[in-house]
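Here's a quick walk through a few strands and a couple of side chains. Have the model open while you read.

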Amino acid sequence: MKKLVLSVIVLALGASGAARADAVLVLNSEEASYSILSRSGRIELARHPVGREPHHVIVTPGGKEMLIGSTVTNELLVLDINTGERKRVVKDVIDPYHMGFSPDGKWLVTAAYRLDHVDIFHADGFRLAGRIFIDGLPSHIAFDAESKTVFVTLQQSGRLAAFDLQTQTVKWNVPVGNAPAGIVMLPDNNRLLVALTGEDGIVVVDPKDGSVKGALQTGKGAHNFWPKGDRRHYFLSNRVEGTVSLIDSNEMKVVGRIRIPGGPDCMDITPDGKELWVTQRFLRRVAVVDVEQLKVVASVPVGKSPHGVFLLKPGSAEPARGPVRAASTAGESK
């Protein structure tokens, strides 16, 4: 039996591009583990240990490695993006709750939700450039297109802060609404969308000064974004309501809604754009959505409090191909 399971895992994470494209990685944030799933088989193939409270997974510049941040053990687990092989552990990255690389690949930014600070690293070698202490539970991250500014939501204080990457200083820190969480910079580089988990929708924010320019009702507990892939439409998880909204960012309106029970949270979309995979935080499952039908077609059991989800995409070398992956813990706002 063990040999059979091992052979299936090899098929999912083996050398061929087709096999790699079939693998899905899910972080079980309250179980200190990550699951490897088969996309086509829609089953869990393996579960591996990782440092306590893993929340997000991102791709390094160049697309050869993945990083999993473990917040309580203050470390990054580095995996080979093609095989899933554990390569090394980077120690002394303090409370990397949320993280992301700037579009130019020069900066790595981590938000320390538990310890109230934002760290800015030189991406080459993960050398710390500056640590900015800031009250309010730093949560989710987005960058401007020029890689000059990083924007961080502060869930507890209801504010959004902008930091200069070169000088590691605060540019502005303003109120935007109750419990801001997920954030995304739109392709025009002139609008930020911020999800308000303490409310029932999103706000449109001017990246120059943080002023709120508009709002859109989506659903209770609006939490996290993921792009559909056409530079216009974005999925938004409404965690309390148990739905995912499809937003037209040009018209600023909801054009679709998907019912997903159990606290929908982080998302990723298949390379062909046909399936959206959504973690169900309170059910220990991951939902599979048919994008054309906007309907859940499967739900795969995983570990406790699944958070980040990542579909292996052979040849994908774009660290900023979508919003930086965001997260939350069952029963909390984050």
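Predicted model: local features only at pLDDT ≥ 70, side-chain atom pairs only at ≥ 80, totals over all residues.

Met-267 sits opposite Val-278, which belongs to S25.

S24 covers residues 264-269, and it's mostly covered: six of its six residues are buried. Between the two strands of this hairpin there are five residues. Look for Gly-273 here, as it takes a positive phi near 75 degrees.

Next up is a sheet. Strands in a sheet pair through backbone hydrogen bonds, and the pairing can be parallel or antiparallel. Here the sheet is open, with four strands in the order S3-S2-S1-S28 and antiparallel pairing. Which strands stand at the edges? They're S3 (43-49) and S28 (306-311); each has a single partner strand, so one side of each has no neighbour in the sheet. From one strand to the next, the twist averages 25 degrees.

The partner of S28 is worth a look. S1 (residues 23-28) and S28 run antiparallel, with four bridges joining them.

## Ile-68 in strand S5

Is Ile-68 buried or exposed? Its relative accessible area is 0%, and buried means under 20%, so Ile-68 counts as buried. You'll find this residue in strand S5, which spans residues 65-70.

Setting aside neighbours within four places in sequence, the contacts of Ile-68 include Leu-25, Leu-27, Tyr-34, Val-50, Pro-54 and His-56. Also among them are Val-57, Glu-75, Leu-76, Leu-77, Leu-79 and Met-99. Take Val-57: it's eleven residues from Ile-68 in sequence, while the C-alpha to C-alpha distance is 4.5 Å.

## His-117 in strand S10

His-117 is in strand S10, residues 117-122.

What does His-117 touch, leaving aside neighbours within four places in sequence? Its contacts include Ile-94, Thr-110, Ala-111 and Ala-112. Arg-131, Ile-132, Phe-133, Ile-134 and Pro-138 are also among the residues in contact with His-117.

Terms used:
Residues numbered from 1 in each chain as written. Heavy atoms only, no water. Pairing = 2+ DSSP bridges. Axes fitted to C-alpha atoms, helices over the stretch in contact; angles between N-to-C directions. Buried < 20%, exposed > 50% of the residue type's maximum accessible area, 1.4 Å probe, protein only. Contact = heavy atoms within 4.5 Å.
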